[in-house]
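Dear colleague,

I am handing over the structure below, and my notes on what was found in it follow. Please read them with the model open beside you.

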Amino acid sequence: MIDKILIQQENVSDDEYKLIEVLCKSGDKVKKDQHLFSYESSKAVIDYESNNNGFIYLNPSIKIDEFYEVGHQIAIISKSKLTSDEMHEYFTLDKNDEIQDQHEVNFTKKALKLFEQSDLNISSFKGMSIVTEDHILNFLSSHKKRDNNKASKQKLKLNENSIIIYGIGSQADVVFDILSEAGKYDTVAFVDFKNSISDKENLPVISHEYFEEIIQNNIVNVYICIPDQDKEEQLLKLVKESNSKLITVIDKSAVVSSKATIGENVFIGPNCTLGPYTEIADSVRMLNNSSVAHHSVIGSGSWISDGARIGGYVVIGKRCLIGLNSSINKKTTIGDSCIVNSNISVITNHKAGAFIK
Amino acid sequence: MMQENFLKQAIYIREIETFFLEMFSKGLLNGTVHTCVGQELTPVIVSDKLTDGDKIFSNHRGHGHYIADKNSPDELILELMGKAEGVSCGIGGSQHISTNSFISNGIQGGLAPISVGYSFVQRLNKTKNISVCYIGDGTLGEGQFYEALSLAGIFQTPSLFVIENNGYAQSTSNKHTLKGNVEKRIEGFGLDYFASNIWDIDDLNNKAIKAIENTRSGKPSVLEIECYRLNSHSKGDDNRKESEIAEFKEKDLVNIFIKDNLEWYQEHSADLKKEFNNVVENAQTNPLDLSFLKNNSLIESDIDWVKYNFPKHQEGKRINESINDSLASIIEEFDAILIGEDIIDSTLETPVQYGGAFKVTKGLSEQFPDLVHNTSISEAGIIGFGIGSALCNRPCFVEIMFGDFMTLCVDQIIQQASKIPSMYGKKVNLPLVIRTPMGGRRGYGPTHSQNLEKLFLFWPNIDVVAINCLTDTNKIYRSAVTNNKTTIIIEDKVSYTQETMRKPPIGYKILESDEEFTSFKLEPEFSEPNAVVILYGSMLKELIDVLPDLIDEEIFPTIICPTRLSPLDINIFRNINFDQMPCIFIEEGSKRTSWSSEVISSLLESGKSFNHISRISNEHLIPCAKDLEDIIFPSKLNLVKLITKSMYDR
């Protein structure tokens, strides 16, 4: 079984792409999702990841920093090992096929109708032997995403109270709700780095690229809530280095001691209590009804789930998850990246990475 | 002295058979036995004239034939007792026994054409060996016997037929079932006829010598021996007159000899009984071998798919020409025999080259005059002839001109070809290949257009193979010979004149399996498939022809086209997501109790679940008129409509 790896059409405007990096060599055993090589469009770098497990054979004619047209065969992945003769046969035969394919693009009936209605250019489908309705719909939807970005870019009007929420998940929903209730900030947009939707809560969803442009050129408030903590950390850094600033969201029902120290991009939900001399690092989330007593320290990126109780002089490391309704006894220390199960009581110290049950 | 020896041997056989009947009444034997009490002198005298390399083709009443040949009853006793040490390992029993020099089957007349094929190969191999086929007078009503006589007459094979005429077929006197003159019948086929009777040892001996010498000299012969069966047909089913039986008992030479030598007989008989009882008492109880009984019609092997390799030797050739090339190379390599009706090129009377109704065998009889032969119109006979050749390990191709005529071959295929390789408890190779075109769309009407392959599916030891527009004929026809069993190759009348497909359809890739009989899989490259179509033979080309139109309708099926229909290897359907897309079967013949029925039930049994199944087939009697044929058969004319309907009308 042979899988062809071809240069894919990644956007509307580019018909050819520059091969910039090859991370494997012919005969290597590769795994599904392994990053094999990268090519560059006029706008972005595309990392090609393997669709299958198998042995990779690179097209002997490819070179780094050369431009290749859409449909050009970069490599093949074979289930079994190939001899060099067999390998060359695949490339020479396919070369012939390609020449023929380039002459003709066949549209299905539905695809042709859509193609004509949508006023598309045939070069967008160059190198494809058959174009189906799905191909056109996919093409149009990626096209539309970009259009959405362009449109919303013009609409955003910013002032000192404007806030952009980075993320479109459930945490973003909660944060948006609390901010709307408080009325101090005015949410102007969400950011989705995957460009999967174009609007949310009647507000525009903008691309990461546009977000970067905005935070560099404007003074705007930002709250970041995405599930990938590494990425979140990078974004934190990005915002801190820009002209914009990160905010901390505190629900109006929360009781926070004036002697507590709170970092940036922190979330403190409804009915939470924060005692004196507590230190809460960046990006900590305290969810409904949780409490941290006096003199305790919570590391950056940690989540304190609903109803969790944390006693005095407790130290919790970075990126920990404290489960629902659990309690941490006073003077307990928990290392980085620990998970505390729901509904339990922690009375001893734990090292980093522990799953505490 | 010679007479005495014959009589003593006859007594030996009679003692064994009497012993069998005793064992039977004690409940030590299973099933039934047919004894030859009263007829023993025939096999004793005939076997006396046979030499190494001759082969006996026996019948249901074969104990005497076997013992006269083998001179020991031990393995037969164990066989009847159903022991693994029996001559057929407890599988064949009384009627199904095989050794190097002996083979029997209880189907009347079934072995007659096989004995002709056997002796034909003996002549071809320039041996002096003959075949001896025993039949009873009842079998004189069987058509296959006359087909065998016809073939023996045509090919002048060293075949001897011994008719043991005991006057009764089971319970029916042949006065009611046999009219006319047997001698004239035999001579009518160009065979020499000899007659004798069981009550004149000298005459019987002389006639046996003459008949066998005549046969050995290359003249097929018949020896008819008048005799009388002193016991019932089987065990207790005698409806003859007691006075008649008593009269023949008196006349019986063995009985007379016993009466004259009573003292010797009593002592001898007691010794023999002791000897036989010893065999019974020392019989082992090793387990019987079930593996011989298993019908391996469903298999699961590891199958790998690789890119389709166009068979370059078929470039620019029509499929009938490719088959012709393959046959020529295989005949040359294996010294294989090719027989059929109207398959040779020319004769004095017909000087214009013919070479088969579909020209598949054109030129072969000129290239291999000793190996390629026309036969009479005797479909069952020539399949039997092929089996006889294959029994000598000489591969034989039999062409059946139209697949419809395969109904005439059912007995030979099911009772002989399917059984011989395993019913004798040891593996018997049978390199027989039956080639026949099935299917319609050429206006040949109700009896020349059917797809009857389903009659032959899932029998043990029979491979059914259907070629298609991608087939490498060299590989498939060679595998059909080297698999050492009967292979029925279904060809397609319509595609004989088409060429093997060179390139995949646009947007598709073709994969082939690494099986002995290559299967094909076509997959869309431009999209995930949204249906799976399963078909075979002629239907592949029809579907490929309309694939662009199907794609136009947004239908991109994965197509699976096996070559071997039976045994079925369900692993060719591995990795097909039947539960996620509709599955469509296309068969040219009727879908009722067909290949597709079996595939669907086997897949269900293996745990697959289906999103949707539909079957496209022809459920009509086949008309001659083209307009009607175009409507009833699935073909490129209607497949888009039929497939679209089954995809969307659910």
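**Helix α5 of chain B**

In α5(B), 13 of the 14 residues are buried, meaning under 20% relative accessible area with a 1.4 Å probe and protein chains only, where over 50% is exposed and anything in between is partly exposed. This helix covers residues 111-124 of chain B and reaches 20 Å from its first C-alpha to its last, close to the 20 Å expected at 1.5 Å a residue, a span taken as 1.5 Å times one less than the number of residues. Just after α5(B), B:Lys126 has a positive phi of about 60 degrees.

**How the model was made and read**

This is a predicted model, in which local features need pLDDT of at least 70 and side-chain atom pairs count only at pLDDT 80 or more, while totals for chains, interfaces and linings use all residues. Residues are numbered from 1 along each chain as its sequence is written, chains are lettered from A and ligands numbered from 1 in the order in which they are written, and side-chain values use heavy atoms, with hydrogens and water left out.

**Confidence**

Chain B has a mean pLDDT (the predictor's confidence in each residue, from 0 to 100) of 95, and 100% of its residues reach 70 or more. Chain A averages 85, with 91% of the residues scoring at least 70. Over residues 94-102 of chain A, however, the pLDDT is below 50. Where pLDDT is low, the predicted coordinates should not be read in detail. For the complex, the predictor gives an ipTM of 0.77 and a pTM of 0.73.

**A residue in chain A**

A:Ile339 lies in strand β32 (residues 339-340) of chain A, and it counts as partly exposed because its relative accessibility is 39%.

With best wishes

Terms used. Helix = DSSP H or I, 4+ residues; strand = E, 2+ residues; numbered from the N terminus. Contact = heavy atoms within 4.5 Å.
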